[in-house]
Amino acid sequence: MGGSHMVKIAGLASNRGRNLLHIADRMPGGAELSIVLTNEDGAPVVEGASERGIPTEVVTREEDESRESHEQRLLETLESYDFDIVCLDGYMRVLTETFVDNAPTTLNIHPSLLPAFPGMDAHEQVLDSGVRMTGCTVHVVTEEVDAGPIVTQEAVPVYEDDAADDLKERVLYEAEFTAYPRAVRWFADGRVTVDHEAETVAIEGDTGGEFPQRRLVSDDLDSTLRYGENPHQDAAVYADATCEEASVVAAPQRNEGAKALSYNNYNDADGALNLIKEFDEPAAAVIKHTNPAGCGTADSLAEAYDKALRTDAKSAFGGIVALNRECDAETAEQVVDSFKEVVVAPGYTDAALDVLTEKKNLRVLDVGELGEVSERLTEKPLVGGRLVQERDLGDPAIDDFEAVTEREPTDEELETMKFAWQTLKHVKSNGIIFAEGTETVGLGVGQVSRVDAVELAAKKAERDADGKTAEGAVMGSDAFFPFPDGIEAAAEAGIEAVIQPGGSVNDEDVIEAADEHGMAMVFTGMRCFRHD
C-alpha cells in the first residue's frame, strides 16, 4: 500500500461515531470514508455521514440471528464498496472470526491504555483503580476482545476532580482525536505492517531522536499569573522539571513580599538571561519588551551595568536587569537608582540584597550558577501546532570572520564585532546594533525594513545614549544588506566597521559602498534572525 494510493475506509459505528466523522473531516494522509455502516436503526452517525456525502448502510441483527449470520450480512453489504481498512468506532458488537478473517485489517479504538482496563466502562475502571494516567489505544481487531496488537496510543492525565464524563470527554478530544487519525495516516502512508499470524504490528519510521515522530510534552503548573500579556488575558506558567539549565522559571525570588512575576516579566527575564549567558566576562543587560535596551561587558559587573544602562537610560526605566556574575553592592546601588521590575543574577552578596530589597516591588531572582547550556531546543506554539527548533547557539569565532573590504578591521574592531554579534542574536528582527568597545551605543529593533533599523539605531545613539556616539562605532546586522542604502545610512551616522552575514545577490554593491566610505566589513556566513 504505497503513499500514492488513496486509502479508503469502511467505518462501523453503533452510535454517534465521532471518531469516524472526525477522520472524515481531517482526511489524514488523504484517507477517506467510502461507507459508514451501523447496526442500530436511527444511530446519529448516519445523519453525520450523510451530511458529509458519505454513503451509509444499516444492518441490524435479527432477534434470533447468530453473530456469524449477522456478520455475513455485514460483509455482503460492504462488498459493493471499495475500502482498504475497516475502522470501528463504538461498534457495540464483538466480532467473530467470520468478520475478522474475511475483512481487511480492522482497527478499533479503546478508551484506555491497553492492556489495562479492557472491556466496558473503561473510564469507571480507571477512576476506581486510582491510576494517574489514562489515554486511548488504537489496535488491530482480533477475535479476543481488546487484545489485538497495538498500532498507537495517546496518554491523558487523570485529575483528582475527574468524573467519568469529564474523563470520557478529555480522552475523546485530546487522545482519540489525535491517535485514530495518526493510525489512519500511517496506513495511508504505507508505514504499517500487520502480521496477522504473529499478531504484531510494525510502524516504519516511528523513530525518536531530537525531532521524534510523536512528541509528548509534560509540564507541571508552577503558578497561575495575575494576567497574560494584557490584563484581559488569563495566564499561567508551567515548569519543565527535567530542565537542568539555569532558568527564570526555577529561580527563587529573594525579595520576600514583592509581588509575583507577571507573564511579561517571565518573558523578558528569560530573554535577558539568555543574552547574558552569551558572555564569559562580566556582563550586564537591560531588557524592555524582550529586546536589549543596552548591553555591556567589562572587567567589573558595575562597569558592565553602567555601559548597558547608558545606552538608553530612558528606556531602561521599568526594565529587566540581567547580570552574569554574583551581584555586588556597587552594582545593586546602580540598579535601584531608577525603577526596575526584575533583577536576574546567579547570586547576590548580602550587602547587595540589603540594597535591592529596600525596593518593595523589585523582584530579585537568583538563578544559581549559570553553568552549561543544556536545553537544545526551543518552541513556539501556533494555533493548530507548534514550531520546534534548535536554539540559536551559533557563535562564529573571530578567526572565521571573512574580511571583504579593502580595509581590514583592526583587532579592536574585531572584538567589538564579536560582542555585537553575541548581543544581536537577542535583538528582534530586523535588528541592527551599533557598538563600541564591548558596549551597545544604539539599537534598531523589530523593523520591517533594514534601512529603517539602521536609521533607528542612529537616532537612538544620537538622542538617548549618554556619553556615547555612533561616530567611529561598529554596526552589526542580523541578516545581509539587500542594497547599499543600509551602508549609506550607517556611514552618515559615523559607522566605520560592519559585521553582517553576507550572501545577498547585491553583495558586490554593498562591499563597494563600504569601500567608498573606507569602512571595514566582515561576513559571518551565518544569519541570526530572532522573530519573536
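A residue counts as buried when its relative accessible area is under 20%. The exercises below apply this cut-off and others to a predicted model.

**Exercise 1.** Decide whether D464 is buried or exposed, and find which side chain makes a polar contact with its own.

*Solution.* Begin with the position of the residue: D464 belongs to helix α13, which covers residues 450–464. Next, take its relative accessible area, which is 10%, and compare this with the cut-off of under 20%; D464 is therefore buried. Then turn to its surroundings, where, with residues up to four places away in sequence left out, D464 touches R310, T311, D312, A313, K314 and K459. Finally, consider the side chains, where D464 makes a polar contact with the side chain of K314 at 3.4 Å.

**Exercise 2.** Determine whether Y180 is buried or exposed, and describe what surrounds it.

*Solution.* Locate the residue to begin with: Y180 sits in helix α6, residues 164–188. Its relative accessibility is 0%, and because buried means under 20%, Y180 counts as buried. Apart from neighbours within four places in sequence, the residues in contact with Y180 are N19, I23, C87, L88, L107, N108, I109 and V138. Of these, C87 is 93 residues from Y180 in sequence, while the two C-alpha atoms are 9.1 Å apart in space.

**Exercise 3.** Trace how strand β15 is joined to β14 and to β16, and state the handedness of each crossover.

*Solution.* Start with β15 itself, residues 340–345, of which five of the six are buried, so that the strand is mostly covered under the cut-off of 20%. On the β14 side, four bridges join β15 to β14 (residues 319–323) in parallel, and I320 has V342 as its bridge partner. The path between these strands includes helix α10 (residues 329–335), and together β14, α10 and β15 make a right-handed β-α-β unit. Turning to β16 (residues 363–366), β15 pairs with this strand over four bridges, again in the parallel sense, and V342 stands opposite R363.

**Exercise 4.** Give the strand order of the seven-stranded open sheet, and name its edge strands.

*Solution.* Read across the sheet, the order is β3-β2-β1-β4-β5-β6-β7, with mixed pairing. The edge strands, each pairing on one side only, are β3 (56–58) and β7 (150–157). From one strand to the next, the twist averages 20 degrees.

Methods: Residues are numbered from 1 along each chain as its sequence is written. This is a predicted model: local features need pLDDT of at least 70, side-chain atom pairs count only at pLDDT 80 or more; totals for chains, interfaces and linings use all residues. Side-chain values use heavy atoms; hydrogens and water are left out. Two strands pair if DSSP finds at least two bridges between them. Helices (H or I, at least four residues) and strands (E, at least two) are DSSP runs, numbered from the N terminus. Axes are lines fitted to C-alpha atoms, for helices over the stretch in contact, and angles run from 0 to 180 degrees between N-to-C directions. Buried means under 20% relative accessible area, exposed over 50%, partly exposed in between (1.4 Å probe, protein chains only). Contact means heavy atoms within 4.5 Å. A polar contact is a pair of N or O atoms within 3.5 Å; within protein, one must be able to donate a hydrogen and the other to accept it, and residues adjacent in sequence count only if both atoms are side-chain atoms. A crossover is right-handed if, with the strands pointing away from the viewer, the path from the first strand over the helix to the second runs clockwise.
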